[in-house]
Every structure is written in C-alpha cells, then in structure tokens.
Amino acid sequence: MKHFIVGLMAAAMLVPAYGQGVIKGREKEQRARIKEGVKDGTVTRREAKQLREEQKDVRQDVRAAKSDGKVTAGEKAHITREQNKASRDIYKQKHDAQNQK
C-alpha cells in the first residue's frame, strides 16, 4: 500500500510537467510553421507579424498561468483554445490567396 501511494504521488507530480511540455512543444511547432510560410512565400511579412503577435499573447497567458506556481485545468484549457485558434490562423494565412512579392 505504501508503494502504491508513493507511486501515485510521483505520477501526480509528472502530470503538470507533461502538460507544460505539450504547450511548449506546440508553441515551437507553430513558430516553425510561420517561419516556413515566410520562407516559401505563402505568408507575407505583415501576416507573419500578426501571427507572431498572437504567439506572444499565448506566451504571456502561459506565464500568467504559471505565476502562482500551478497551472489549473481551466488555465490549461484556455491556453489550449488559444493555441488551437493560433494554429487555425496560421493555416488560413498559409493557404490564402496572398503571397509575398
């Protein structure tokens, strides 16, 4: 029983770290997609600037969520929704009719 409780506590400590890693990984992936869009001409400089601002806003929300030392389920859900929107915006900008000149 003692080993079970210790194992359960260890697993509980890993869950927040896993969630934060997923958030950070998505941020890195989205930055790469923006950079790729600029490089291949499917995202204009103006669009890239707007997309980067959106990424900055997400990072600020992540910092605010971490500020008290614990990211709640509600905060994580909010950040995930923001990242989903940012991902959709990147897709839209990469696939619209505008191209760099």
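The model is predicted, so local features need pLDDT of at least 70 and side-chain atom pairs count only at pLDDT 80 or more, while totals for chains, interfaces and linings use all residues. Residues are numbered from 1 along each chain as its sequence is written, and side-chain values use heavy atoms, with hydrogens and water left out.

**Overall layout**

The protein has three helices and zero strands, running α-α-α from the N terminus on. Helices (H or I, at least four residues) and strands (E, at least two) are DSSP runs, numbered from the N terminus. Of the 101 residues, 26% count as buried; buried means under 20% relative accessible area, exposed over 50%, and partly exposed in between (1.4 Å probe, protein chains only). Among contacts with a separation of 6 or more, 77% come from residues 24 or more positions apart, where contact means heavy atoms within 4.5 Å.

The 22 residues of α2 should span 32 Å at 1.5 Å a residue, and its end C-alpha atoms, 31 Å apart, agree with that. The expected span is 1.5 Å times one less than the number of residues. Buried residues in α2 are Glu 47, Ala 48, Leu 51, Glu 54, Gln 55, Val 58, Val 62 and Ala 65. They cover an arc of only 125 degrees around the axis, which puts them on the same side of α2; the arc is that of the directions from the helix axis to the C-beta atoms. An α-helix has 3.6 residues a turn, so residues three or four places apart point the same way. On the face turned away from the buried side of α2 sit the exposed residues Arg 45, Arg 46, Lys 49 and Arg 63.

**How α2 meets α3**

The axes of α2 (residues 45-66) and α3 (residues 73-95) come within 10 Å and cross at roughly 170 degrees. The two helices are therefore roughly antiparallel to each other, a label for angles over 145 degrees. Leu 51 and Val 58 of α2 are among the residues making the contact, as are Ile 79 and Ala 86 of α3.

Definitions and conventions. Axes fitted to C-alpha atoms, helices over the stretch in contact; angles between N-to-C directions. Parallel < 35°, antiparallel > 145°, perpendicular 65-115°, else oblique.
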